Each structure stands twice: as C-alpha cells, then as structure tokens.
Amino acid sequence: MRPFMSKYDEIRSTVAPELERLNERIHARLTSGNALMDTIVGGQLRTRGKQIRPLVVVLCARMFGAVDNRVLAAGASVELLHNASLIHDDVVDESKLRRGTATLNAIWDNHIAVLVGDFYTSSSLREAVETGDMRIIRTISDLGRLLSLGELSQIDTARTHTLTEEAYFNNIDKKTASLFVACARMGCYAAGAPEAATEKLAEFARLLGLCFQIRDDVFDYYESDKVGKPTGNDLREGKVTLPLLHVLLDPAVDGNDAMLAMLREERISDEHIGRLQAHARDNGGVDYAFDTMRGLRDRAAAILRGLPAGASATALLDIFDYIIARDH
C-alpha cells in the first residue's frame, strides 16, 4: 500500500501548475515595500503547510471549468485569511512552535505578530475584491466572523465545562469546517458552478472540515514522541474534544468522576494530562472518533456521487481518506 503522504503529493501534483500560480499570487500580494514586513513575510513563505484549503478551492472550481485568475484570487484569499488566523492563534495561545518552526511571536514578539496577522487579513480581502464577485467577498468576510466566534465558543465551553457533543460539533463547525465550506463556495462561485452543485460541495466541504478537526484532536491523546509534536495542549486549557468527551459522557465507564475533577483543576499537571489521555484511549474514545470520521467520509462520498465524476471528484475523496489516515 502506498503511504498516504505520497498519495497526497500525487493529488497535489495534478494541480501543481495552478498551485504554483496561486503561490506566486500570494507572494506578490504580500510584497509591501516595507523592509521589516518583507523580511518577516519572506520567512513565512518558506514554511508553507500542505495547503489543503486552496487545493479544495482549485479542485471544486476545476469540476466546472478552467482555473483562471478569479479562481486563483479566491484560493489566495482563503489561504491568506487562514494564515492570518494561525498567526493570531499563536499569539493567543502563546505558542512558540508551529510545524516544528518558531512562531512569529516567538521570533519577533506579540506586537509585531498581531500586525503581521492584520496585514495578512487585509491582503486576503484585497484578493477577494480582485474576483469582482460580491458572493466571494461576502463569503470571506463571513468566514472571519465565524472563525472568531468559533474560537470564543470553544473558550467559553472550556471555562464553563460544557460537556456535550452538540457543543463540540458546534464549535468545530465554526472554527474549522467553516473554512473548508468557504473554500468550496469560493471555488464554485469563481468557476460559475450551478447553485445546486455549489450547495452540495459546500456540504461535502463541511464534512471534510469536521473530519479534519476530529483527526487533529485525536493527536492530542498520544504522547508527543509518538506524534512528532507537542500534545495535550487542549487538555491543559480545559478543552475536552471528542475522544475524551465520548468517554466522559458514558455512565458505564469507571473513573469518570476523577477525570472530571482533574479537568476542573486551575492548572492541570503533566501527570494528570497523561492520565486523561490514557482514559480516553483505554475506554474507546479514540476508536469512537475514528468511527465518527469514517461515517463523515461515507456521507461525503454519497454527496460526490451526485456531482460530475472525474479526476477532481476522485481527488476530493482521496483528500478525505488522507486526512483520516495521516499520522502527523
């Protein structure tokens, strides 16, 4: 069986020219003429992530037409806003590393990091305006609101110890899935896709985004050396995600009262983090999360069967499989 990372690289290779043009567009948009800003941005552009989100924009658009400058502007817009949110998140979380690289706030300081995040946000809006499509402009502006509200909702549920699956899915719908939905909508709008197809792809993307966040949350329940990055961070902040949440809501599981007491500590110790992680793993929480992701995948596959078949549809489902199987 081929490694899934290599499969993902295969998917990217099918739209490599389009992604290259998109990245050139991002670079041009972020070139400011300000020496400090250009130095900081240059460092950021050397550490690109997997760019799943702009890939979704391109693939959705390609189902209905050519990937032209409007599509590339839409993809650049959503990628710039995503990166702005990551910069601001690192400031809020006081994170020192992202993808194994020092964060902006660690290198420069919070003041500069916030200003750079704001610069990315305004650059995102400029790219949306370049499409000349009010639906795209509205989508990116609504997305900024949803990302902020999702983060605030998650903080609130952690502080109030609200432990329900409804609250969990509401939070990740806003803070993560909304970004994927925006990608699908913007790609479809830019390509002139029919309204019915746009709505179907938006729902596919919502399921993809939910799956992406659940998989990310699962990583938090293992030791750092097994994942290759720091884990337990959500638990340290009192954020209970699906693997542990499922176990805590099961009255048949022994030891839940002790786990709840740990979560209510003002500062959760590393020892208690380890016990909470093990409690989720040992009582079927991680298995439940994977079952949930596979269920989302099946629903997403059914949606695609009602859309034009071809390489783009296949690639979108392959991304879903990659997300579930990824190990970092």
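Biologist: Which residues are linked in a network of salt bridges?

Modeller: Note before reading any distance that this is a predicted model. The network of salt bridges links Arg25, Arg29, Glu127 and Glu130. The search over the whole structure gives 14 salt bridges.

Biologist: How many residues apart are Arg294 and Asp291, and in which helix do they lie?

Modeller: The general idea comes from helix geometry. An α-helix has 3.6 residues a turn, so residues three or four places apart point the same way. Here, Arg294 and Asp291 are 3 residues apart in helix H16 (residues 285-304), about one turn of the helix. They form a salt bridge, with the closest N and O atoms 2.8 Å apart. Arg294 is partly exposed at 43% relative accessible area, and Asp291 is partly exposed at 47%.

Biologist: Which salt bridges link distant parts of the chain?

Modeller: Two cases can be read in turn. The side chains of Arg185 and Glu199 meet in a salt bridge of 2.8 Å, N to O. That pair links helix H9 (residues 165-191), which holds Arg185, to helix H10 (residues 195-219), which holds Glu199, and the two are 14 residues apart. Glu199 has a relative accessible area of 36%, so it is partly exposed.

In the other case, Arg236 forms a salt bridge with Asp270, at 3.2 Å between the closest N and O atoms. This pair is 34 residues apart, with Arg236 in helix H12 (residues 233-236) and Asp270 in helix H15 (residues 270-282). Arg236 is partly exposed at 38%, whereas Asp270 counts as exposed at 57% relative accessibility.

Biologist: Which residues of helix H3 are buried?

Modeller: In H3 (residues 35-45), the buried residues include Met37, Ile40, Val41 and Leu45. These four are on the same side of H3, because they cover an arc of only 135 degrees around the axis. The cover over the buried residues of H3 includes helix H2 (16-30), helix H6 (104-107) and helix H7 (110-130).

Biologist: What caps the N-terminal end of H3?

Modeller: Asn34 does, with a side-chain oxygen 3.1 Å from the backbone nitrogen of Leu36.

Biologist: Is Val57 buried or exposed?

Modeller: Buried means under 20% relative accessible area. Val57 has a value of 0%, so it is buried. Val57 lies in helix H4 (residues 52-62). Leaving out residues up to four places away in sequence, Val57 touches Val71, Ala74, Gly75, Val78, Cys183 and Gly187.

Notes
Residues are numbered from 1 along each chain as its sequence is written. This is a predicted model: local features need pLDDT of at least 70, side-chain atom pairs count only at pLDDT 80 or more; totals for chains, interfaces and linings use all residues. Side-chain values use heavy atoms; hydrogens and water are left out. Buried means under 20% relative accessible area, exposed over 50%, partly exposed in between (1.4 Å probe, protein chains only). Contact means heavy atoms within 4.5 Å. The arc is that of the directions from the helix axis to the C-beta atoms. A polar contact is a pair of N or O atoms within 3.5 Å; within protein, one must be able to donate a hydrogen and the other to accept it, and residues adjacent in sequence count only if both atoms are side-chain atoms. A salt bridge is a side-chain nitrogen of Lys or Arg within 4 Å of a carboxyl oxygen of Asp or Glu.
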